[in-house]
Structures are given as C-alpha cells and as structure tokens.
Amino acid sequence: MNQALPESAITHDSDFIIFGGSGDLSIRKIFPALFWRFLNGQITHNFRLISCMRNVLTKKEFADKLRPFCEEALKSQFANAASWESFLELIQILELDIINEIGADNLYNTLRPKLSKERPCVFYLAVAPKLFGTSCLLLKKNKLVLPQSRVVVEKPFGHDKKSALALNQEILNVFDEGQIYRIDHYLGKETVQNLMALRFANVIFESQWNNRYIEHVQITTAETVGVEQRASYYDSYGALRDMVQNHMLQLLCLVAMEPPSRFNADQVRNEKLRVLQALRKIEDDEIQIGQYENYTQELNAQSNTETYVAMRVNIDNWRWAGVPFYIRTGKKLGLRASEIVITFKNRPHDIFSEQGENANDEFPNRLVIRVQPHEGLRLHLTSKKPGPGGMRLFPSELNLSFDETFAERLPDAYERLLMDIARGNQTLFMRSDEVLAAWDYIDPVIEKVRKKSPEIYSADSMGPEDKILIKEGRYWFDPILEQKE
Ligand code: BG6
C-alpha cells in the first residue's frame, strides 16, 4: 500500500482534530486529503484523526458521506481491499458543541493518553470564522493549548482590515503566531510551488525577471462554476474578497517577490510582505467589475456584488516600476483555467526585416505558467519556418507539461498543506502581517467598487469586454487556445 517516501516526507505521528468534522470542507477536502496521505504512507497507523461535530454521525454514516470523495484514491494503485477499513479505524467521532461547550472534556480525555511534546496536536477549525475565537478559548479552558498544539484556520480571514485585526487578536489571545496556520490553499498547489523553483532554482529566468525585459504580467483565475449553494456567503464577499485579497495577491507576490536568502517561512513571507507593501493605490480606471447574468435570480435578491474583477496592479519598486500586472478572476466564465503569463519586451532591433514573409513580425516571448488544469510551463519563442523562402519566422513553443512528464498524480493542495502543518513548516501559510497588508490594499479597492455597478456578462464568455488593457494597446491572453479538454 505504501509508496517509498523520501526521508524529508516522513512525518511525526500526530493528532488531527477537526472541528466542524461533518461539514463540507472536512468531507470534501480535509478527510480525502488525509486518506491520500494515508495511502502514501505519510500518515501511519499511529496517527489519530478526530472528527468533532455537533450532531454526531455514526461511523457508518460518516464513512458513507465521505466515501464518494475518496473514490479516486480508492481506485489508485496505492489502495487495496483493506485500505479503506484501516483508514476508518484511525478516525474517531466525537460530539462537540463549541458554543455550549458540550463534549470539550471528552475531547481532552480522548487526547490525554497520548499527549506529548513530540506529538503534534493539530486543531483544524473547519467552522465559520465567527467561531474561531470561541473555539480557541474552549481549547484553552480545556488545557489543550500546549507547546505542541497548532491551530488551522481558513479564509475568509476577515471582511476588511478592521475585522481581520479583531479575528487575529482573538486567536493571538490564545496561540502564538508560530502555532497559527492560515490556509490559502493556492499556496499548496504544486505549480504554485513550482513557480518558486522556476525562479530560484534556475538562473536563466531571474536575470530577465525585471522591468528591463518584462513588458507586462497577466494572472487569470477563471472558473466555470457559479456561486451555487454559497450564494449568501458569496454575496456579502464578492470576487474581491473571495479571490483577489488572498489567492490572486498571493500568486502576484510569488511572481514579484525578491529572492529570499533562504527557503524558510519567515524569509519567504518577509519578501511577500514587501511586495504587498509596495502596491500602489488603485485608480478608478484601473478596475472593472462584472456580474454573471442570472446571478440575482440565483440569489433571489437585487445585488451589485461582483462575480468578476479585472484590475491593473502597479508595484512601486525598482524591479517592477513601469510593468503592469493585470489580474482577473471570475465565476461562470467560459472555461476553468488558472494561469500566469509573463510577456517579455520585444527585441530591441530587428535584423530580419528584409528577409522573407513574416520575417519582421513580432511574436513576443511569453512564459505561460499553467497553475491548473493541465499544469505545466510553456515558453513561446520565435523560430524559422523550415524549408526555402528566406528567413520566414513563426511562433513556436517549448512545452513542459507536468501531466505528461510526471507519471505520478499531482497531490491536491490540502495534502501538502496538512503534512506541512504536522511538520511545523509555515512557509506556505499566511502570516498575520501579510493578511493585514493585503487588506490595506484591498479595502480602498472595495470602497471604489461600491460606487460602480457591475457589467453583466453572459455565462460562458470571458467576462465583460475589456476596458483596461485595450487603452494600453494590450489584450487578455486567452487561455481558451491552450485548453486541451
Ligand atoms: C475558494 C473560493 O477559496 O477558492 C471559491 O472561496 C473558489 O469561491 C475556490 O471557487 C477556487 O479554488 P480552486 O482550487 O478550485 O481553484
């Protein structure tokens, strides 16, 4: 069943305690990720996985609810007939009513026999943010805030800077910053980590990675899904808070940050923080918002909430002065794709102008980093058309498809993040100052957007017609052309 693990992947026996253990996040993401890690041998039989919930399910009910989300793992080469049952044996279900503190002593008694400094105790708060503070206090009252304890929280981390500060304080009253893991699941995606490898494990790109050679950067996260069952949450957040404040700005930081001197949590996060602090206040004509048609019918109420945002982001530092970063994200778009496109400047002088047809065409070099799906990298180059006819040029590309190159499946972001928590590695988690700096930038953007009505776009389009890039003679690089599906 187990894969041979590299030594660096071996993880201490740990306890994972999931609050909100029967909720969507647990069932769709956390437990399936734990199951994959179990199949891969990173989670051993000595782990304890405790699913805490208010309305207790029997083990069978829980297993039946979870199983559909584990089918892919069950069909994999790592699973055998006994895997599912063995995994279920690690799971205990406990009643826990966080508000009325029912079941907290039982949680303590369950954990106590194996509590030890060497055994990480991970409390994953898969509950609404308004319960973060109460959950932390409950852990404190029940003597579960120990040096080996870690607490995990998900976005939305606040609604604005003020609420983020308050939320932070509630958690910091109980845990130290070094024990807090704020998840932005984009940072756990393989290609997002690969972006750091690409930049800092190679020399060829870094020397070009600045305003001398880069013309502009585009970051797109397009989704085909709408807001579905999350309409009431989404309507009070919108795309700016739901996607831009966290995932999109994190991607931007990884593209724009200076090389840290070491790959460790504080150095990486210090560099990302510097980027966030260098973002220039947005102008009115640098943002465009949209809403997909029928959104208000789905919501069953009038609303100006944006389901699409496009922005021009400017970074005020030496490396990036004059290089716009265009970011866009939207729901119910024509395709699902997340990608980062780096467009390089044109050649300074054209030696081919008198050669053959197309010889003086400009095909800018572009590096396309495909975050999902079909993860990979493509470098657009200009080549000579083979055969007679002079120096005829045409666009060609170098393609590194992770799908095709690596036979192994790419793990889901949560798998990587959960194991990093057990190992105490905070590199891929957001530090509190980063979250606050992102709000410092986004709060005024939201203020501006409030005065605008979103443009309605049809589902299956790529959002409203562009009004930002076109003014600068640019256009969105459309991932549709790249889609293999
Ligand atoms: C979540 C947002 O953080 O990310 C969702 O709340 C969004 O609205 C999701 O759909 C996108 O994540 P992924 O991994 O599917 O790109």
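Across which strands does helix α13 lie? In this predicted model, helix α13 (residues 413-423) lies across β1, β4 (121-125), β5 (149-154) and β6, and runs at about 150° to β5.

These strands belong to an open sheet of six, with parallel pairing and the order β3-β2-β1-β4-β5-β6. The edges of the sheet are β3 (91-95) and β6, each of which pairs on one side only. Direction ignored, neighbouring strands are turned by 20° against each other on average.

The pairing can be followed strand by strand. Strand β1 (residues 15-19) runs parallel to strand β2 (residues 48-53), and five bridges join them; here I18 stands opposite S51 in β2. β1 also pairs with β4 in the parallel sense, over five bridges, and the bridge partner of F16 in β4 is V122. Next, β4 and β5 pair in the parallel sense over four bridges, with F123 opposite V151 in β5.

β4 deserves a separate look. In a regular strand the side chains alternate between the two faces of the sheet. In β4, C121, F123 and L125 point one way, V122 and Y124 point the other way, and all are buried. Because five of the five residues of β4 are buried, this strand is largely enclosed by the rest of the structure.

L187 lies in the loop between β6 (180-183) and α8 (190-200). L187 counts as buried because its relative accessibility is 3%, where the cut-off for buried is under 20%. Leaving aside neighbours within four places in sequence, L187 is in contact with V192, Q193, Q250, L254, K272, L428 and M430. L187 and Y441 are 254 residues apart in sequence, and their C-alpha atoms are 20 Å apart in space.

Two packed helices are described by the angle between their axes and the distance between the axes. For α8 and helix α9 (residues 231-256), the angle is about 10° and the axes are 9 Å apart. The angle therefore makes α8 roughly parallel to α9. The crossing in which α8 passes α9 is right-handed. On the α8 side, the contact is made by V192, L195, M196 and R199, and on the α9 side by L251, L254, V255 and A256. Seven of the residues in this contact are nonpolar, none is polar and one is charged. V192 and L254, which take part in this helix contact, are also among the residues in contact with L187.

Note on methods
Residues numbered from 1 in each chain as written. Predicted model: local features only at pLDDT ≥ 70, side-chain atom pairs only at ≥ 80, totals over all residues. Heavy atoms only, no water. Helix = DSSP H or I, 4+ residues; strand = E, 2+ residues; numbered from the N terminus. Buried < 20%, exposed > 50% of the residue type's maximum accessible area, 1.4 Å probe, protein only. Contact = heavy atoms within 4.5 Å. Axes fitted to C-alpha atoms, helices over the stretch in contact; angles between N-to-C directions. Parallel < 35°, antiparallel > 145°, perpendicular 65-115°, else oblique. Left-handed = near helix turned anticlockwise from the far one by under 90°. Nonpolar A, V, L, I, M, F, W, Y, C, P; charged D, E, K, R; others polar. Pairing = 2+ DSSP bridges.
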